[in-house]
Each structure stands twice: as C-alpha cells, then as structure tokens.
Amino acid sequence: MDEREQLERALAVLKEFVGTLAAQAGESEAYGERLWEGIRQSGGLLQELAYYHDKGQFLCKYEVAGYTLADILVWQVDHFKLYMDRPEEMNRYRQPRLLLASFDTMLQMEKDPQVFAEKMRCETGQDIL
C-alpha cells in the first residue's frame, strides 16, 4: 500500500469515527458529515482528531486565539453546567456531544476567533459578582 492509499484509509477511519460519535450523540448524519468536512479541511483539527481517535485524549497542540480543544470542553461544561441539575436521561450522550461540540466550536473559532474568545473569558457559567 502506497502513502496515498494509507492516507485515504486513515481519513476514511476518521470520517467513520465522527459519524459514529454523531450517532452516539443523537445527532443527524448530516451534522456528522458537515462536521467531518470542516475538520478535514483544518490541518490542526484533523491532527487533533487523529490523536483523540488513537489515544482517547486531546493532543492540545492546535490553538485558536490561545485556546485548545480542552479549554473549549472545560468552558462548555462550566458554562452550560451539563453535569449539574440534569436528569440522567439528558446526560446519556454527554461525552460524544461534548467532544463533537468542542470540535464544532473550534471550527467556528477558526472563522471568527474573537467572538468565542470573548465568550470564554466572560461567560463562565459561575455566579460571580
């Protein structure tokens, strides 16, 4: 198998991974496809996805406006308080949803980083005076 075939095979595995996560999260196939196309076009996010697929954790090498995928994940949990005051049924798909939402947010940040950077600085989800 030559290098191009290996690359195509790896991309197919990652595409299937995103599709599986989308299904586990209760998202549509169209959402998974849209997210995959965005990730595929972003060298940084593609590397992060490949690392997550292989290791089950974020590489945190790629940053937008100084934020990594882990930073986005923490902000989402904190901001939306997904772990608090929710019935178990609502949290059944939490991990895949949070993971996909982190990648989706990072894709949006690539287009307009300041909007999200400001939200992450100001919208902590905590009751601070």
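Reader: Is Gln57 buried, partly exposed or exposed?
Author: This is a predicted model, and Gln57 sits in the loop between α3 (43-55) and α4 (69-80). Buried needs under 20% relative accessible area and exposed over 50%. Gln57 has 44% relative accessibility, so Gln57 counts as partly exposed.

Reader: Which residues does Gln57 touch, not counting residues up to four places away in sequence?
Author: Contact here means heavy atoms within 4.5 Å. With residues up to four places away set aside, the residues that Gln57 touches are Tyr51 and Tyr52.

Reader: How are the rings of Tyr52 and Phe58 arranged: stacked, edge-to-face or tilted?
Author: The count of aromatic pairs comes to three. In the pair of Tyr52 and Phe58, the centres are 5.5 Å apart, with 40° between the planes. Planes under 30 degrees apart would be stacked and over 60 edge-to-face, so the pair of Tyr52 and Phe58 is tilted.

Reader: Are Tyr52 and Phe58 buried or exposed?
Author: The cut-off for buried is under 20% relative accessible area. Tyr52 has 13% and Phe58 has 16%, so Tyr52 and Phe58 both count as buried.

Reader: Which residues form one aromatic cluster?
Author: Tyr52 and Phe58 belong to the cluster. Phe103 is also among the residues that touch the most other members of the largest nonpolar core, which has 30 residues.

Reader: At what distance from the ring centre of Phe116 does Lys119 lie?
Author: Lys119 lies over the face of the Phe116 ring. The distance to the ring centre is 5.4 Å.

How values were computed:
Residues are numbered from 1 along each chain as its sequence is written. This is a predicted model: local features need pLDDT of at least 70, side-chain atom pairs count only at pLDDT 80 or more; totals for chains, interfaces and linings use all residues. Side-chain values use heavy atoms; hydrogens and water are left out. Helices (H or I, at least four residues) and strands (E, at least two) are DSSP runs, numbered from the N terminus. Buried means under 20% relative accessible area, exposed over 50%, partly exposed in between (1.4 Å probe, protein chains only). A nonpolar core is a set of buried Ala, Val, Leu, Ile, Met, Phe, Trp, Tyr and Cys residues joined through side-chain atoms within 4.5 Å. Rings of Phe, Tyr and Trp (its six-membered ring) pair if their centres lie within 6.5 Å; planes under 30 degrees apart count as stacked, over 60 as edge-to-face and the rest as tilted. A charge sits over a ring if NZ of Lys or CZ of Arg is within 6 Å of the ring centre and within 35 degrees of the ring normal.
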